[in-house]
Amino acid sequence: IVTMLCVVIGVFSVITLVSFGEGDKQYIFDTVSSFGTGAAYMEIHPGRDVSMGPVSFTEKLTYRDAEEIVRLVPDVANVDPRLFGSGDVKYGRKKMDVPFIIGVSNRYPMVFSHKVVTGRFFNKTEEDTRKKVCIVGTKIVSELFSGLNPIGERIKLNSKSYTVIGIFEDKGAFFGFDYN
């Protein structure tokens with residue numbers, strides 16, 4: 001009876017641990033998938049020193065390089081060059097330090113599942129003419145605009161003025177980064 005009880009407890013423990021592991025794996029997969037990335041996603045970080053034996057070089061990709069990749073490589077569906085930074089966002093007398101500011105191309109919505117729920121995303125013409133427009137997250141809307149609609153309002157990102165044209169959906173936090 002004791003041996004049979006130990007076997008039952010052991011089998012139950014293994015099934016429970018495997019279930020927890022599968023649940024965690026599915027949760028992480030679903031969370032990553034919600035950002036629009038998947039098996040066909042690749043990220044390149046140029047500007048790092050590369051050494052191959054006696055040869056060493058540093059290359060920096062440009063926006064024009066991204067355009068050429070889309071034009072010349074038929075198997076590449078989208079390229080979204082991005083700049084990452086941090087800084088402060090100001091609206092009137094209100095100021096907010098933001099650890100996560102991303103400069104993206106107009107192809108960002110095709111690469112990531114980060115939808116604009118109010119307003120719109122910027123288009124190719126606005127990108128080409130470098131129009132100073134931005135899309136903000138829900139946290140900026142609640143803290144700087146007290147929940148009011150910011151579409152058409154001007155904010156300052158690191159002392160440069162931008163017009164808000166859209167609000168992203170609430171994405172929450174992922175691995176410590178608040179995407180709002």
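Biologist: How many helices and strands does the secondary structure of the protein come to?

Modeller: The predicted model covers 180 residues, of which buried residues make up 24%. Its secondary structure is made up of five helices and ten strands.

Biologist: What share of the contacts with a separation of 6 or more joins residues 24 or more positions apart?

Modeller: Contact here means heavy atoms within 4.5 Å. Among the contacts in the protein with a separation of 6 or more, the share held by residues 24 or more positions apart is 56%.

Biologist: What part of the accessible surface belongs to carbon and sulfur atoms?

Modeller: The accessible surface of the protein amounts to about 12,700 Å². Of this area, the part belonging to carbon and sulfur atoms is 61%.

Biologist: Which residues form a positive surface patch?

Modeller: One of its residues, lysine 95, belongs to strand 4, residues 94–103. Lysine 95 has a relative accessible area of 52% and is therefore exposed. The positive patch consists of Lys90, Lys95, Arg154 and Lys156.

Biologist: Is valine 98 buried or exposed?

Modeller: Valine 98 is placed in strand 4. Beyond its neighbours within four places in sequence, valine 98 contacts Ser86, Gly87, Asp88, Val89 and Ile140. Its relative accessibility is 11%, so valine 98 counts as buried.

Biologist: How far apart in space are valine 98 and isoleucine 140, C-alpha to C-alpha?

Modeller: Isoleucine 140 is among the residues in contact with valine 98. The two are 42 residues apart in sequence, and their C-alpha atoms are separated by 8.9 Å.

Biologist: Where is threonine 138, and which residues does threonine 138 touch?

Modeller: Threonine 138 lies in helix 5, residues 138–144. With 26% relative accessibility, threonine 138 is classed as partly exposed. Its C-alpha atom is 9.0 Å from that of tyrosine 179, a residue 41 positions away along the chain. Not counting residues up to four places away in sequence, threonine 138 touches Ile167, Phe168, Glu169, Asp170 and Asn180.

Biologist: Why does serine 105 count as buried?

Modeller: Serine 105 sits in the loop between strand 4 and helix 3 (108–111). Apart from neighbours within four places in sequence, its contacts are Val79, Asp80, Pro81, Phe121, Phe122 and Glu127. Buried means under 20% relative accessible area. Serine 105 counts as buried because its relative accessibility is 2%.

Biologist: What separates glutamate 68 and arginine 71 along helix 2?

Modeller: The side chains of glutamate 68 and arginine 71 meet in a salt bridge, at 2.8 Å from N to O. Glutamate 68 is partly exposed, with a relative accessible area of 31%, whereas arginine 71 is exposed at 58% relative accessibility. Because they are three residues apart in helix 2 (residues 63–72), the separation is about one helical turn.

Biologist: How far apart are the closest N and O atoms of arginine 120 and glutamate 126?

Modeller: Side chains of opposite charge can pair when their charged atoms come close. Arginine 120 is partly exposed, with a relative accessible area of 37%, while glutamate 126 is buried at 9% relative accessibility. In the salt bridge between arginine 120 and glutamate 126, the closest N and O atoms are apart by 2.6 Å.

Biologist: Which residues are linked in a network of salt bridges?

Modeller: The structure holds five salt bridges. One of them joins aspartate 128 to lysine 124, with the closest N and O atoms 3.1 Å apart. Both residues lie in helix 4, four residues apart, about one turn of the helix. The linked residues are Glu67, Arg107, Lys124 and Asp128.

Biologist: What is phi of arginine 130, and what is phi of serine 159?

Modeller: Arginine 130 is in the loop between helix 4 (124–128) and strand 6 (133–136), and serine 159 is in the loop between strand 7 (154–157) and strand 8 (160–168). Arginine 130 is exposed at 72% relative accessibility, and serine 159 is exposed with a relative accessible area of 57%. Neither arginine 130 nor serine 159 is a glycine, although phi is positive in each. For arginine 130 phi is about 55°, and for serine 159 phi is near 70°.

Terms used: Residues are numbered from 1 along each chain as its sequence is written. This is a predicted model: local features need pLDDT of at least 70, side-chain atom pairs count only at pLDDT 80 or more; totals for chains, interfaces and linings use all residues. Side-chain values use heavy atoms; hydrogens and water are left out. Helices (H or I, at least four residues) and strands (E, at least two) are DSSP runs, numbered from the N terminus. Buried means under 20% relative accessible area, exposed over 50%, partly exposed in between (1.4 Å probe, protein chains only). Accessible areas come from the Shrake-Rupley method with a 1.4 Å probe; for residues, only the protein chains shown count as cover. Patches are made of residues with over 30% relative accessible area and no salt bridge: like charges are joined within 9 Å, nonpolar side chains (Val, Leu, Ile, Met, Phe, Trp, Tyr) within 5 Å. A salt bridge is a side-chain nitrogen of Lys or Arg within 4 Å of a carboxyl oxygen of Asp or Glu. Lys and Arg count as positive and Asp and Glu as negative; His and the chain ends are not counted. The place of a charge is taken as NZ of Lys, CZ of Arg, CG of Asp or CD of Glu.
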